Amino acid sequence: MIQNVIDGVLTGSYLSLGAIGLTLVMHILRFANFSHAELLSLGAYAALVCDALVTALAPVLAIKLAPLSLTWALGLAIVLSMVLTGLSAVVIDRLVFRRVRERGAELSMVFASFGMALVIRNIIGLIFGLSPKLYSQEIAFATVLSFDPLILVKPDQVFVLLAALVLMFALHLVLSRTTFGYSLRAVAENPALAQINGVNLARTIVAVWLIGGGLAAVAGIFYGMSHQIIPVMGRDLVLPIFAATIVGGIGSVYGAVLGGFIVGLAGNLALLVLPAGYTPSVPFLLILAVLILRPHGLFGEARA
Amino acid sequence: MIGVISYLVFFATTASILAIAVLGLNLQWGNTGLFNGGVVAFFGAGAYGTLILGGAAQAGHLGGYGLAYPLALLGGMIAAGLMAWIVGLLTLRLRHDYLAIATFGVAVAFENLMRNAEWLAGGAKGVRGFERPLRSALGDGFIYNLLFFLAVLLILIAVYLFLERLVASPFGRLLRAVREDEEAAASLGKSPARLRLTAFVTGSVILGLAGGLYGTFYAFVSPQDILPTLTFQIWAMLIVGGAGNNRGAIFGAFLIWGAWTASGWALSRFAPVEAQLYTGSLQFVLIGCVIVGMLMWRPQGLLPERLVVSQRGKPPSVQ
C-alpha cells in the first residue's frame, strides 16, 4: 500500500510534467494534441544521443553523481534535450500545425496531430530500432526504507520527484510573476483582445511550444530513467497525460500538476484491486468519473 | 487465374467492409463534425458482439447463445450503439476536445479489456467457434466467398443509400447547421447536443455493422484486430476520399486499402530481409504523411463535399 503510494507519486511527477505542456497547448491553440506524448519520446531519445555525444567529447563528465545513476553527462544531456525538443515542437508547429490552423480548420488540428503522432513514433522506431534502450546499463540498487512492510526507493526516483517539483515551481513563478506569464494567460483568455493590447500572438505560441516541449522532454527522460526508452512509449503515455489534463481541467496548469499525481496514484493503487493487465484502462475510468462528477475538471472552467 | 479472381474477391470484401465503416465515420465527422478517436472500439464492439451472440458455446467465456445470424449482427450493432450512447452522453455537451479524448480512451480501454478478460471474450486468444451463416449449404470454397462479397456489397449500397437519404433530409440539413454554427442552430430552437448524440450513435451503429461483418468474414476476432492502427486507416480513408461526401468515403476506402495492401506486398517482396521488421513502421510513416499532407494541401479530400441547395429558385423562364 505505502509502496504503491510512493510509486504513484513518482509516476505522477513525470505525468504532471507532460500534462502541463499539453494543457497549455490545448488551452491556447484549442485542440487536443495527440502528438504531445511523442514529444516525450523525442526528448528521451534526444537525451540518449546527447548523453553519448557529451560522453564521447568529454569523458571526464561520465562520472556518476553518487548515489544516483545519473552522470554529469546525462545531466547536461537533459538540458540539451529540453532545448532540442522545445525547438522540434516549434518546427513541427511551423511545418504542420500552423498551416492547418491558418486554413481555419480548427477541428482538423486534432486529426493532424493524430497523423503527426504516427509519423514521429515510427520515424523514431526506424532510426533507433524497436528494442528498448537504457541510459545506464548498471543496475540501480534500491534503498530499503523499511523492511516491514518492505518499502523500496531508488535514489534516482527521489531525484526525479525533486527535479520535477523544482521545475513546476519555476514555471509557477514565471506564470504568476512575469509580464510574459500575464500575456500567456491573456492569450488563453481572449486571443483577439490580447493582441489589441500589444501581445504578440505568434511569439506567445512559440513560447508555449518551447515550454511544452521542454517539459515534455524532461518527462520523457524521467520516464526513461524509471522504466526504459522504447519507440512506443508515446502510445502508452498519451492517455494518462490526457487524463491528467481532464482531471485537472483543460487549461489549468495547477490542475495538470494535481491531475498528473492523481492519475499516477490511481494507476498504482489500482494494482491493489485489479490485475496488472488492466492498468492501461485506469486513466479512462478516471476520465469517465471526472466527466460524470465534475465535467470541467478540478480547476477548469466552462468554455465553449 | 482463379487464384487472382479469388484474391480480388477477398480484397474487395475487406475493402467494402471498411467502406461501410468509413461511411459511419463520415456521418460523425463529415456531416456533423464529431471527432471519433476510437473508431476501433465501436467496430470491435460490433465484431465481438456478433461472434459472441451467434457463435457456438466456448469453454471459459461468454458465448454460445447461438442466435440466428441477423439477430447476432443486430446485437453487435446494438452493443456499438450503446457504447456510443454512454460516451456521447458524457462528452457531447462539452467542448470538442473531450469527445476526441474520451473516444480515444474508449478504444484503449476496450482493447485492454478484451485482451485481459478471458472470462468475457477469450482474452488474447480471441473468440473462435463461430459458424459463418449458410456455411453448411454453401461450403467453404470460392462460391461462398463470392456470395459473401455480394452480400457485403448489397449492405454497402444499402448503407450508402440510407445515408444519402438521411443527409438530404431535413435532419441532414440540421446536422450541417450544427456543424457550421451551433449557436445559430440553437437560436432556432434546435438542440445541438441531442442532434449530435443521434448522429454519433447512428454512425457508431454503422461502425458496429462493419465490425460485425468483419468478424463474420474471418469467423474470428481477437484483440489483434482492434488495434489503434485500424482507427488511423479508417480515418485516412475518409480524409483522402473526402469528408462529407459519401461517394468520397467509399472511394477513399478502396484507394487507401489498395495502397496499404500494395505497399505491404511491395515491401515484403523487395525490402531486404533484415529490414522486414521495420516495414510496418515504414507503412505507418507513409499513412501518417498521407493524412497530414492531405490536411495541408487538399483538406476537402479527393471528392469534396457537394454543397446541397435545399430550395432552388425556379430556372429563369425562356421566352
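This is a short tour of a two-chain predicted model, stop by stop, with something to select at each one.

**Before you click**

Residue numbers start from 1 in each chain, following the sequence as written, while chains are lettered from A and ligands numbered from 1 in the order they are written. Since the model is predicted, local features here need pLDDT of at least 70 and side-chain atom pairs count only at pLDDT 80 or more, while totals for chains, interfaces and linings use all residues.

**Stop 1: colour by confidence**

Chain B averages 86, and 94% of its residues score at least 70. Now select residues 135–138 of chain B: this is helix 6, where confidence in the chain is lowest, at a mean of 74. Residues 192–218 of chain B, helix 10, are where it is highest, at 93. Where pLDDT is low, the predicted coordinates should not be read in detail. For the complex, the predictor gives an ipTM of 0.87 and a pTM of 0.88.

**Stop 2: chain A on its own**

You'll find 11 helices and two strands (helices are DSSP runs of H or I, at least four residues; strands are runs of E, at least two; both are numbered from the N terminus). From the N terminus on, the order is α-α-α-α-β-β-α-α-α-α-α-α-α. The C-alpha atoms of chain A fill a box of roughly 60 × 50 × 40 Å along the principal axes. The radius of gyration of chain A is 19 Å, which agrees with the value near 19 Å for a compact globule of 304 residues (it is taken over C-alpha atoms, and the globule rule is 2.2 Å times the number of residues to the power 0.38). Of the 304 residues, 51% count as buried (20 or more other C-beta atoms within 10 Å of the residue's own; 12 or fewer is exposed, in between is partly exposed, and C-beta atoms are placed from the backbone).

**Stop 3: two loop residues in chain A**

Select Arg30(A), in the loop between helix 1 (2–28) and helix 2 of chain A. Arg30(A) has a positive phi of about 55° although it is not a glycine. Most residues other than glycine have a negative phi. With 19 other C-beta atoms within 10 Å, Arg30(A) is partly exposed.

Next, go to Leu61(A), in the loop between helix 2 (36–57) and helix 3 of chain A. Leu61(A) is partly exposed too, because it has 16 C-beta neighbours inside 10 Å. Leaving out residues up to four places away in sequence, Leu61(A) touches Val54(A), Thr55(A), Thr71(A), Trp72(A), Ala73(A) and Leu76(A) (contact means C-beta atoms, placed from the backbone, within 7 Å).

**Stop 4: where the chains meet**

Bring chain B back. Here 41 residues of chain A are in contact with 36 residues of chain B. On chain A, helix 3 (72–102), helix 4 (106–128), helix 9 (233–248) and helix 11 (282–293) each supply at least two residues. Helix 4 of chain A gives the most, with 14 residues. By class, the chain A side has 32 nonpolar, six polar and three charged residues (Ala, Val, Leu, Ile, Met, Phe, Trp, Tyr, Cys and Pro count as nonpolar, Asp, Glu, Lys and Arg as charged, and the others, Gly among them, as polar).

**Stop 5: chain B and a helix pair**

Now hide chain A. Chain B has 13 helices and zero strands. Its radius of gyration is 21 Å, close to the 20 Å from the globule rule for 319 residues, so chain B is as compact as a globular protein of that length. Buried residues make up 48% of the chain.

Select helix 2 (residues 39–54) and helix 3 (residues 69–91) of chain B: they pack at an angle of about 145°, with axes 7 Å apart (axes are lines fitted to C-alpha atoms, for helices over the stretch in contact, and angles run from 0 to 180 degrees between N-to-C directions). Show side chains at the contact: helix 2 brings residues including Phe42(B), Gly46(B) and Leu53(B), and helix 3 brings residues including Tyr69(B), Gly76(B) and Met83(B). This contact divides into 13 nonpolar, six polar and no charged residues.

**Last stop: Ala219(B)**

Finish at Ala219(B), in the loop between helix 10 and helix 11 (228–241) of chain B. Ala219(B) has a positive phi of about 55° although it is not a glycine. With 15 other C-beta atoms within 10 Å, Ala219(B) is partly exposed.

Conventions
pLDDT = per-residue confidence, 0-100. Contact = placed C-beta atoms within 7 Å.
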